Amino acid sequence: MSLRVSILTREYPPFIYGGAGVHVGQLVPQLRKFCESVDVQCMGEPREGATAHAETYPEGANAAIRVLGADVSMAAAIPEVDVIHSHTWYANFAGLVGSKFQDVPHVVTSHSLEPHRPWKAEQLGGGYRVSSWAERTAFEDADAVIGVSAGMARDVLESYPGIDPAKMHVVKNGIDPDEFRPDYNTDVVDALGLDRDKPIVTFVGRITRQKGLVHLVRAAALFDPDTQLLLLAGAPDTPEIAAEFNAAFAELKKVRAGVTWVQEMLPRASVRQVLSHSTVFACPSVYEPLGIVNLEAMACETAVVASAVGGIPEVVVDGETGVLVAYDPKQAGDPEFVSNFESTFADNVNALTRDGDRAKAMGLAGRQRCIDEFSWEKIAKETVAVYEKAIAAHGSR
């Protein structure tokens, strides 16, 4: 089928900060192999390969309201297409309006869910109610909904029971094993002051409640003394979260050495080198639809210790490519449960840093899993199949 597609997203290379931006940036070139045309509408600064829309209207309004202003601009700019595909609540409203205006199907990909991120009320205030409304309305009206993991798909149907399960599909996130591959050059790790003869535990991500970084910092107090902790972490969601992390980090620095915090975003090539030299990649997320960053670590032949939440168990095979640590979001307010989670996380990290051969075997298995199960070309083909189903469903409305 010859398809003309419009991809709607907030993030698009080179300005990306999260998994959704990585997803879109990798998916679009692969879709162009199978579609007649792939238009991209994004937000922010002008860039090559996409039409960008500033989040400035109405001036001075809440951030969520300004996103809707950019959404209207995006909807008006979509060329004549056969299907519109929006990513995250930031672009869902544009997809809803654009699909109504052109009378074409709307496909949404769920990279996360607003009902599962109540802490965003701290960040957006009343805007959180706006973002939740935009997501729910678009999802319920869409011709097809894609979850980036089976766990994500279950969460969508649980959060929005009005959605017909027949229009729910699973198309997982992917990884480019040519971009993320072992890099044993040493310029980046040496510049960061890391000792390559000692174990390195690395975290990559934003400072948000979702990523569970405070849990990792507390767990690190229990790491073996010769283990180094590298945090590539920045862009805190709110001043409150920043203050909470800063306090936990200061406490950690009092009790151990070998802790490095890099606040600026490193180039992806630098991250690749860091991951390649890491003994363990740590992912203590309390919510994670899939976790592309785990795939990036695995593709660099790095063992993973991660919380068993959301779609992570669909990526990390417990005992084979890493270790999963049980976490129950419903017990997040129980200090004893949280303390046990942090100590168990530390125990599993220590088990791998003490057994380099086991960690290396997990890393090798992880890369092979990335190659076998998570190629972007495979994901693009599955996405096109969803487009075709959405077109058929829209025609029968």
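Start by selecting residues 292-299 and 356-373, helices α11 and α13: their axes come within 7 Å and cross at roughly 115°. Axes here are lines fitted to C-alpha atoms, for helices over the stretch in contact, and angles run from 0 to 180 degrees between N-to-C directions. Helices (H or I, at least four residues) and strands (E, at least two) are DSSP runs, numbered from the N terminus.

Before going further, some housekeeping. This is a predicted model, where local features need pLDDT of at least 70 and side-chain atom pairs count only at pLDDT 80 or more, while totals for chains, interfaces and linings use all residues. Residues are numbered from 1 along each chain as its sequence is written, and side-chain values use heavy atoms, with hydrogens and water left out.

**Stop 1: the helix pair**

Show side chains at the crossing. On the α11 side you'll find Leu295, Met298 and Ala299, meeting Gly363, Gly366, Arg367, Arg369 and Cys370 of α13; contact means heavy atoms within 4.5 Å. Sorted by type, the residues of this contact are four nonpolar, two polar and two charged (Ala, Val, Leu, Ile, Met, Phe, Trp, Tyr, Cys and Pro count as nonpolar, Asp, Glu, Lys and Arg as charged, and the others, Gly among them, as polar).

Now keep just α11. How many of its eight residues are buried? Eight of the eight, so α11 is largely enclosed by the rest of the structure. Buried means under 20% relative accessible area, exposed over 50%, and partly exposed in between, with a 1.4 Å probe and protein chains only. To see what covers α11, bring up α1 (19-31), β8, α10 (268-277), β11, β12 and α13, which are among the covering elements. Step just past the end of α11 to Glu301, which takes a positive phi of about 65°.

**Stop 2: the sheet**

Next, colour the open sheet of six strands, ordered β10-β9-β8-β11-β12-β13 with parallel pairing. Two strands pair if DSSP finds at least two bridges between them. β10 (259-262) and β13 (322-325) stand at the edges with a single partner strand each, so one side of each is left without a neighbour in the sheet. The twist averages 20° from one strand to the next.

Zoom in on β11 (residues 280-283) and β12 (residues 303-307), parallel strands joined by four bridges. Ala282 stands opposite Val305 of β12.

**Stop 3**

Pick Gln26, in helix α1. At 17% relative accessibility, Gln26 counts as buried. Beyond its neighbours within four places in sequence, Gln26 contacts Asp176, Glu179, Arg268 and Trp376.

Jump to His394 in helix α14 (residues 376-395), which is buried as well, at 16% relative accessibility. Leaving aside neighbours within four places in sequence, His394 touches Asp103, Val104, Pro105 and Asp143.

**Stop 4: aromatic rings**

Finally, select the aromatics. Rings of Phe, Tyr and Trp (its six-membered ring) pair if their centres lie within 6.5 Å; planes under 30 degrees apart count as stacked, over 60 as edge-to-face and the rest as tilted. That rule gives nine aromatic pairs. Take Phe245 and Trp261: ring centres 4.7 Å apart, planes at 80°, so the pair is edge-to-face. Phe245 is buried, with a relative accessible area of 1%, whereas Trp261 is partly exposed at 21%.
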